[in-house]
Amino acid sequence: MLRPMRHARRPLLLAAALAALAGCSRSSPAGDPYAYTPPPATAPPAGLEAATWASHLTGDLMPYWTMAEAQGTPVGNFPTWRGMDGSVQQAGHTFRPRMMGRQIFAYSAAFLLTGDEAYLDLARAGNAWLLAHGRDTAQGGWFAELDAAGAPVAGGAKYAQDMAYAAMGPAAYFYVTRDPAAEAAVKATRDLLFDPAAYWDAANARIRDGRSADLSTEVAMPGGSLSSWQLVAQLDPVTAFELLVQPAFTAQADRDQALADLRTLQGTLVRSFWKDGFFWGSTGNVGVFGSDHSDFGHMLKGYWAVLQIDKRLPDRPQAAFLAASAPVTLRLAYDEPNGRWAKLPLTPNVVRYGSDWWAYAEADQLAATLALHDPAWIPVVGATAAHFRGDYVDRTRPAREVVSSVSQTGSWVYPWPNADTSKCNEWKSGFHSTEHALVMYLFSSWLAGTPAPLYFAFPAGQVDALAAVATPYTLRGTVDSWEDLGPLAGDPTRHKVVVRFKELR
């Protein structure tokens, strides 16, 4: 039945969004820069329709992830290395839990956007395999590598970034289903990263880059050092799982704890990694252009994380910082003559053009989030998002998905043969492309002034209670209505529920 939103919790006090785009800003209601701002009455740019992004996900992205080769043997044991045509290229390679987590996210996001239970079935299988084989129940954390049968490969260091992305899979599956085993795995990962005996450096309020396989010794990430802390050790736990699960945790104490985590990491990102308009890849390379992880992808992802956290904190600690800095850096990244995003800054005013798929997606997501409060960004997103679909999607093969890199004018940087693993490897899976489609779908729904429907798989006896407090991914919003669509075919203990969100911000 269709249930109007009558008894849902009041929205969290939201803080702060961006205004300024070089003098072309539009103010939100006085007193709350993150308050809901209605979309402009003018027609949106072509391509910024919710249906366009739903079709992009189902037609351009998911064929690569639903073919038999993607599903693994048994189903759920997702291979890390696959070719441009989708073929398995696993010989000589191991399976990476961090990449299994990203693939589980892709299926969870696809169900969230479409309600197609086939995607949820794959997410369920992957989550079960990862929880059974990816966790180190003896020493803690997640294994770095598995063999084809799911047995751990001995000796791999456990980097904080890897921990975050392994947990991403259970986090996304928990967000959609409220599965208690997935929630427990996410909480255990959170507890380990904030454990002073393991990853947490309380004196510097930061997550250590890594630990040895038995967690006894601190280790640096490849190419780094123990005296130089890595941005991704702080940033990726935020964007991989903490933002998503914080409002969904079952217990209020866990929700409060996760919000405190986010506040702490927000401060660490700004205090230790930001200078002169940029988030830098490590504390040892602050101000060093071209250094590892000092690209627009990480820089704009840093702003997006700080912004999404700030919306949840009643005192809006970074509102002024965000309003002054985020639009300036994003504007520098925008190649206006070509309508695309650049790759990285070479100096405070000079950039390198071309972009990798994930960094381009992060830039689109930040621009769309700013556009929720500043309509000057809407035509920018209209141009860049259209180029993402036009440039990156591989329409030369039935498998589709996106290639990894394009030039300034959108041409592919390499003629990848079928066996090349540029689409699926130890650092590329389905996460960034499907998250991009989801965020663009939500943004396009806001732009149309219509509630955005998302699909969940809630326990049968908790449908009304959970639907009333559901959240629109990592955005803020208000539940407009929900509808119980009945038991799932693959798990009758849960019901498919469509929740419609309005007032996205």
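Trainee: What makes β15 and β17 a strand pair?

Mentor: In this predicted model, strand β15 (residues 452–459) and strand β17 (residues 494–502) are linked in the antiparallel sense over eight bridges, and because two strands pair if DSSP finds at least two bridges between them, β15 and β17 qualify as a pair. Along this pairing F456 stands opposite V497, while P459 stands opposite R494. The strands themselves are DSSP runs of E with at least two residues, just as helices are runs of H or I with at least four residues, both numbered from the N terminus.

Trainee: Which other strand pairs with β17, and how is it joined to β17?

Mentor: Strand β16 (residues 478–487) pairs with β17 in the antiparallel sense over seven bridges, with E483 opposite V498, and a hairpin of six residues joins β16 to β17.

Trainee: Why are β15 and β17 called mostly covered?

Mentor: Seven of the eight residues of β15 are buried, as are seven of the nine residues of β17. Buried means a relative accessible area under 20%, exposed means over 50%, and partly exposed is in between, with a 1.4 Å probe and protein chains only.

Trainee: How does D85 score on that scale: buried, partly exposed or exposed?

Mentor: D85, which lies in the loop between α2 (68–71) and α3, has 28% relative accessibility and therefore counts as partly exposed, since that value falls in between the two cut-offs. If residues up to four places away in sequence are left out, D85 touches M67, R397, A399 and N418, where contact means heavy atoms within 4.5 Å. D85 and P417 are 332 residues apart in sequence, yet their C-alpha atoms are 8.6 Å apart in space.

Trainee: What makes a set of grid points a pocket rather than a cavity?

Mentor: On a 1 Å grid over the protein atoms alone, a cavity is a set of points where a 1.4 Å probe fits but cannot get out, whereas a pocket is an open set with protein on both sides within 12 Å along at least five of seven lines; lining residues have an atom within 4 Å of a point. The largest pocket has a volume of about 750 Å³, and of the 35 residues lining it, Q161, D292, H293, H298 and W427 are the closest to its centre. The second largest pocket holds about 190 Å³ and is lined by 14 residues, with R178, A248, F249, T250 and L466 nearest its centre.

Trainee: How do you know how far to trust the coordinates?

Mentor: The confidence per residue is pLDDT, from 0 to 100; the mean for the protein chain is 94, and 94% of its residues reach 70 or more. Over residues 1–29, however, pLDDT stays under 50, although the model has 90 contacts there beyond four places in sequence. Where pLDDT is low, the predicted coordinates should not be read in detail.

Definitions and conventions: Residues numbered from 1 in each chain as written. Predicted model: local features only at pLDDT ≥ 70, side-chain atom pairs only at ≥ 80, totals over all residues. Heavy atoms only, no water. Points joined across faces, edges and corners; volume = space filled by probe spheres on them. pLDDT = per-residue confidence, 0-100.
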